[in-house]
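Have the sequence and the 3D view ready.

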Amino acid sequence: MAQLIDGKKISQEIKDELKEKVEKLNAEGIEGALAVIQVGNDPASSVYVRNKKRACEYIGIRSESYELPEETTEDELLTLIETLNEDPKINGILCQLPVPAHMDENKIIRTIAPEKDVDGFHTQNVGALVVGQKGFVSCTPAGVIQLLKRSGIDIAGKHCVVVGRSNIVGKPMALLMLKENATVTICHSRTADLKAVCKQADILIVAVGKPKMITAEYVKEGATVIDVGIHRQEDGKLCGDVDFEQVEPIAGAITPVPGGVGPMTIAMLMNNCVEAMTR
Ligand code: NDP
């Protein structure tokens, strides 16, 4: 039976550590505040935003909500971001994605001051990751690193295969594994013989966005399997990009969905918010 990597427990540990840090910072007179912007009322985004605000409350930082109507213009949103950039009481700014189709997502990300970009999406922060300098790292991949480290899984020297090359998961994930001295292969929709490549992995990280796509045939016996995917099935239950029932018996360690990578994203967002307080 595979070791179950418990994201719920690890994310709770991280939030408790952050709560202590915030108490100490508050005692030194340093306060934290995150501005959370949501445009429109997409139900999934509303759930994410609510959970982020709840996590802020838990660790002891203030959150300021900006709920803007769907018909907000891009200029109005950019003006708000610029105001928040200048506001010394705000350490972190996040704009919940996706934004409505009439807005340019990249332009919005670029407008957030890099030192307040707690999502780690600004090209300056992405660039810092590429060249190994300090900056905010995208929360989901940063959370995967914490899952591995805190579960006692060695990364250095291991062959890590990342399936997916999105800007928010796959690419930063590969860079972080490289930073941890893994040998890294990145796969995508044009990879020839994906199964054979995945089967070479000591650590297989899947962020492909296709329910249960990764079956037992993709996994080497004893491999660590990290499932970033999250999907709502017809019966209402959640599943990942990995077929857990098939893969668990052959994996050495595996993340469940839910309760694996999911809870880590918000914990790492909180980590970035606390880092923003100390800058
Ligand atoms: P994207 O859709 O942006 O990227 C998917 C990637 O998978 C692309 O690079 C794509 O390749 C690749 N891909 C698609 N089909 C195949 C295939 N058949 N074979 C090989 N590669 C393929 O997704 P995200 O990175 O944003 O998210 C991935 C998953 O993670 C989703 O399920 C999402 O819901 C989940 N997620 C979970 C989070 C969490 O907190 N747990 C946070 C963020 C995402 P190509 O580039 O060639 O198109």
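The report below covers the cavities and then the ligand.

## Ground rules

This is a predicted model, in which local features need pLDDT of at least 70 and side-chain atom pairs count only at pLDDT 80 or more, while totals for chains, interfaces and linings use all residues. Residues are numbered from 1 along each chain as its sequence is written, and side-chain values use heavy atoms, leaving out hydrogens and water.

## The largest cavity

A cavity here is a set of points, on a 1 Å grid over the protein atoms alone, where a 1.4 Å probe fits but cannot get out; its lining residues have an atom within 4 Å of a point. Volume is the space filled by probe spheres set on the points, with grid points joined across faces, edges and corners. Three cavities of 30 Å³ or more are counted this way.

The largest cavity has a volume of about 70 Å³. Its lining is made up of I93, L94, C95, L97, I108, I109, I112, D117, D119 and F121. Two elements, strand 4 (92-95) and helix 4 (105-111), each give two or more residues to this lining; strand 4 provides the largest share, with three residues. Helices (H or I, at least four residues) and strands (E, at least two) are DSSP runs numbered from the N terminus.

By class, the lining of the largest cavity has eight nonpolar, no polar and two charged residues. In this scheme Ala, Val, Leu, Ile, Met, Phe, Trp, Tyr, Cys and Pro are nonpolar, Asp, Glu, Lys and Arg are charged, and the others, Gly among them, are polar.

## The second largest cavity

The second largest cavity holds about 50 Å³ of space. Around it sit G120, N125, V126, L129, F136, V137, S138, N167 and P172, and helix 5 (residues 123-131) gives the largest share of this lining, three residues. Five of the lining residues are nonpolar, four are polar and none is charged.

## Around the ligand

The ligand is surrounded by 21 residues (a heavy atom within 4 Å), and the closest are R165, S166, S189, K210 and T265. This shell divides into eight nonpolar, 10 polar and three charged residues.

Which atoms make polar contacts, meaning pairs of N or O atoms within 3.5 Å? For H188, a backbone N or O atom lies 3.4 Å from a ligand nitrogen atom. The protein buries 69% of the 940 Å² that the ligand exposes when taken alone, with accessible areas from the Shrake-Rupley method and a 1.4 Å probe.

Key: On a 1 Å grid over the protein atoms alone, a cavity is a set of points where a 1.4 Å probe fits but cannot get out, and a pocket is an open set with protein on both sides within 12 Å along at least five of seven lines; lining residues have an atom within 4 Å of a point. A polar contact is a pair of N or O atoms within 3.5 Å; within protein, one must be able to donate a hydrogen and the other to accept it, and residues adjacent in sequence count only if both atoms are side-chain atoms.
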